[in-house]
Amino acid sequence: MHEVALSTELARVVARAAKGRRVRQVNLRIGALRQVVPSSMEYAWGFVTAATPLEGARLHIDWIDAVIECEQGHRTVLDASSYLDLSCPRCDAPTRVVAGEEFQVVDLEVEAA
Ligand SMILES: [Zn+2]
């Protein structure tokens with residue numbers, strides 16, 4: 001369950017950014033290609049932050065669709081069953097990923113000092 005590793009790293013980043021303030025909510029963007037399972041992420045976050053200064057901080061996650069683009073400029077939103085096939089469905093050209101690899105803290109909601 002790689003959500004534990006992600007949560008551990010996230011907790012480290014958030015704790016540093018919070019500078020001792022109490023964190024109510026962490027706003028995150030996670031791309032579909034990260035293969036993060038929402039319920040696992042919630043569970044892992046609760047587990048990793050229990051009995052730490054981050055205990056009780058909520059995660060608010062914006063899930064970003066995976067999007068590929070080929071050299072002709074065709075953009076395709078991938079669904080979960082096609083993550084392994086990254087050729088363009090319209091012209092079969094090779095593609096690059098333009099969205100879906102995010103794992104990004106947008107901001108923190110902290111209690112007023
Ligand atoms: Zn194409």
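This is a predicted model: local features need pLDDT of at least 70, side-chain atom pairs count only at pLDDT 80 or more; totals for chains, interfaces and linings use all residues.
Is Arg12 buried, partly exposed or exposed, and what is its relative accessible area? Arg12 is partly exposed, with a relative accessible area of 47%.

**View A. The zinc site, formed by Cys70, His74, Cys88 and Cys91.** The zinc ion is coordinated through the SG atoms of Cys70, Cys88 and Cys91 and through ND1 of His74, at 2.1 to 2.3 Å. The 4 donor atoms make angles of 107 to 113° and the site is tetrahedral. For comparison, the ideal angle at a metal with four tetrahedral donors is 109.5 degrees. Along the sequence, the donor residues follow the spacing C-x3-H-x13-C-x2-C. Cys70 and Cys91 link distant parts of the chain, being 21 residues apart. Cys70 belongs to strand β3 (residues 67-70), whereas Cys91 lies in the loop between β4 (75-77) and β5 (95-99). The two residues are also described by their accessibility: Cys70 is buried, with a relative accessible area of 4%, and Cys91 is partly exposed, at 33%. The structure holds 0 disulfides.

**View B. The largest nonpolar core, which contains 17 residues.** Which members of this core touch the most other members? They are Leu10, Val23, Val26, Leu28, Met41, Trp45 and Leu59. Four elements each supply at least two residues of the core, namely α1 (3-18), β1 (23-31), α2 (38-49) and β2 (58-64). The largest share, 5 residues, comes from α1. Leaving aside residues up to four places away in sequence, Leu59 touches Leu10, Val26, Leu28, Met41, Glu42 and Trp45.

**View C. The salt bridge between Arg12 and Glu9 in helix α1.** Side chains of opposite charge can pair when their charged atoms come close. In the pair shown here, the closest N and O atoms of Arg12 and Glu9 are 2.7 Å apart. Why are Arg12 and Glu9 separated by about one helical turn? The reason is that the two residues are 3 residues apart in helix α1. Arg12 is partly exposed at 47% relative accessible area, and Glu9 also counts as partly exposed, at 38%.

**View D. The salt bridge between Arg24 and Glu111.** The closest N and O atoms of this pair are 3.9 Å apart. The bridge links distant parts of the chain, with Arg24 in strand β1 and Glu111 in the segment after β6 (103-110), 87 residues apart. Arg24 counts as partly exposed, with 45% relative accessibility, and Glu111 is partly exposed, with a relative accessible area of 33%.

**View E. The salt-bridge network of Glu69, Arg75 and Arg96.** Are Glu69 and Arg75 buried or exposed? Glu69 is buried, with a relative accessible area of 15%, whereas Arg75 is exposed, at 53%. Arg96 is linked with both residues in the network. A search of the whole structure finds 4 salt bridges.

Methods
Residues are numbered from 1 along each chain as its sequence is written. Side-chain values use heavy atoms; hydrogens and water are left out. Donors are N, O and S atoms within 2.8 Å of the metal (3.2 Å for Na, K and Ca); water is not among the atoms, so sites may look incomplete. Four donors count as tetrahedral if all angles lie between 85 and 135 degrees; four count as square planar and six as octahedral if opposite donors are over 155 degrees apart and all others between 65 and 115; anything else is irregular. Buried means under 20% relative accessible area, exposed over 50%, partly exposed in between (1.4 Å probe, protein chains only). A disulfide is a pair of cysteine sulfur atoms within 2.5 Å. A nonpolar core is a set of buried Ala, Val, Leu, Ile, Met, Phe, Trp, Tyr and Cys residues joined through side-chain atoms within 4.5 Å. Contact means heavy atoms within 4.5 Å. A salt bridge is a side-chain nitrogen of Lys or Arg within 4 Å of a carboxyl oxygen of Asp or Glu.
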